[in-house]
Amino acid sequence: MLRRTMAYMIFAAGVAWSAAAVAQTAPAAPDCAARATEKKLHGSALNSFMKKCERDAAAASCEAAAGEKKLAGAAKASFKKKCIKDATARPNAQ
């Protein structure tokens with residue numbers, strides 16, 4: 001029973017940590033939207049630009065977060081990969 005409780009607590013901490021990483025990248029979206037408007041993009045060009053802009057903003061934020069944690073090598077690469085994936089994930093439309 002204690003192991004199960006501990007596992008749930010560790011899982012909850014991981015989810016909270018991931019949410020914090022996503023929250024760090026949220027301010028980039030308005031900047032991307034402003035730049036897309038400035039470039040007068042529409043349709044698929046707008047979608048492509050927004051995806052790349054958000055991914056680049058997330059990558060920069062995740063790079064900074066990895067630096068703050070003093071990660072290096074494989075740990076840094078793994079952290080950045082998960083951070084970018086979490087930051088750019090789209091919720092399921094139902």
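Biologist: Are Cys 32 and Cys 53 buried or exposed?
Modeller: Buried means under 20% relative accessible area, exposed over 50%, and partly exposed in between, with a 1.4 Å probe and protein chains only. Cys 32 and Cys 53 are both buried. This is a predicted model, where local features need pLDDT of at least 70 and side-chain atom pairs count only at pLDDT 80 or more, while totals for chains, interfaces and linings use all residues. Residues are numbered from 1 along each chain as its sequence is written, and side-chain values use heavy atoms, with hydrogens and water left out.

Biologist: How many disulfides does a search of the whole structure find?
Modeller: A disulfide is a covalent bond between the sulfur atoms of two cysteines. The criterion is a pair of cysteine sulfur atoms within 2.5 Å. By that criterion, the search of the whole structure finds two.

Biologist: What is the geometry of the link between Cys 32 and Cys 53?
Modeller: The sulfur atoms of Cys 32 and Cys 53 are 2.0 Å apart. The torsion about their S-S bond is about -85°, so this disulfide is left-handed. Cys 32 lies in helix α2 (residues 28-38) and Cys 53 in helix α3 (residues 43-68), so the pair ties together parts 21 residues apart in sequence. Helices (H or I, at least four residues) are DSSP runs, numbered from the N terminus.

Biologist: Which parts of the chain does the pair Cys 62 and Cys 83 link?
Modeller: In this disulfide the sulfur atoms of Cys 62 and Cys 83 are 2.0 Å apart, and with -80° about the S-S bond the link is left-handed. The pair links distant parts of the chain, with Cys 62 in helix α3 and Cys 83 in helix α4 (residues 73-88), 21 residues apart. Both Cys 62 and Cys 83 are buried.

Definitions and conventions. Helices (H or I, at least four residues) and strands (E, at least two) are DSSP runs, numbered from the N terminus.
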